[in-house]
Amino acid sequence: PNSFPLRYQLAQTCLLVAEASKKLTKAATLGTKKEEYKQAEQNNLQRAKSELEQAYKLDALNAFYYYTESMIMEYEGIDCKNFPRVEKYISLLLTAFALDPQNKEIEKKLQSTVEFITNRWESLAN
């Protein structure tokens with residue numbers, strides 16, 4: 001219970017299971033199965049948030065906390081028209097990158113996000 005790496009991995013695993021449940025919800029044909037999968041998605045998303053909260057208490061200056069929190073935000077959806085949410089998302093990625101500048105996965109995610117937002121703002125401006 002006091003292991004940051006395990007809590008972080010559990011949060012990411014729960015997020016992946018939530019994503020799988022979301023896809024199963026879309027593919028299900030029976031209403032009862034759709035409800036089961038939808039409930040599983042919500043439960044796993046809540047568990048991911050809970051585990052991440054516990055991980056933060058163990059190590060607030062770990063880059064993986066901020067990266068995983070940004071993944072949860074991305075999962076829940078980010079609208080380019082909601083500037084405070086976009087700003088928080090980028091701030092999480094920047095914090096994660098500042099804490100672990102050698103992590104190529106975080107660097108790649110940050111670069112792709114900045115490129116996406118730049119392109120999106122250009123398309124909205126036109």
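User: Which residue does the side chain of Lys-38 meet in a salt bridge?
Analyst: Glu-41, at 3.7 Å from N to O. Keep in mind that this is a predicted model.

User: Where do Lys-38 and Glu-41 lie?
Analyst: Both are in helix 2. They sit three residues apart, about one turn of the helix.

User: Is Glu-41 buried or exposed?
Analyst: Buried, because its relative accessibility is 5%, and the cut-off for buried is under 20%. Lys-38 is partly exposed, with a relative accessible area of 39%.

User: How many salt bridges does a search of the whole structure find?
Analyst: Nine.

User: OK, what about Arg-7? Which side chain meets it in a salt bridge?
Analyst: That of Glu-51, with 2.5 Å between N and O. This pair links distant parts of the chain. Arg-7 is in helix 1 (residues 4-27) and Glu-51 is in helix 2 (residues 31-58), 44 residues apart.

User: And how accessible are they, buried or exposed?
Analyst: Arg-7 counts as buried at 17% relative accessibility. Glu-51 is buried too, with a relative accessible area of 7%.

User: Switching to Lys-49. What is its salt-bridge partner?
Analyst: Glu-76; their side chains meet at 2.5 Å, N to O. Glu-76 lies in helix 3 (residues 63-76) and Lys-49 in helix 2, so the pair ties together parts 27 residues apart in sequence.

User: What's the relative accessibility of Glu-76 and Lys-49?
Analyst: Glu-76 has 37%, which counts as partly exposed. Lys-49 has 32% and is also partly exposed.

User: Which residues do salt bridges with shared partners join into one network?
Analyst: Arg-7, Arg-47 and Glu-51.

Key
Residues numbered from 1 in each chain as written. Predicted model: local features only at pLDDT ≥ 70, side-chain atom pairs only at ≥ 80, totals over all residues. Heavy atoms only, no water. Salt bridge = Lys/Arg side-chain N within 4 Å of Asp/Glu carboxyl O. Helix = DSSP H or I, 4+ residues; strand = E, 2+ residues; numbered from the N terminus. Buried < 20%, exposed > 50% of the residue type's maximum accessible area, 1.4 Å probe, protein only.
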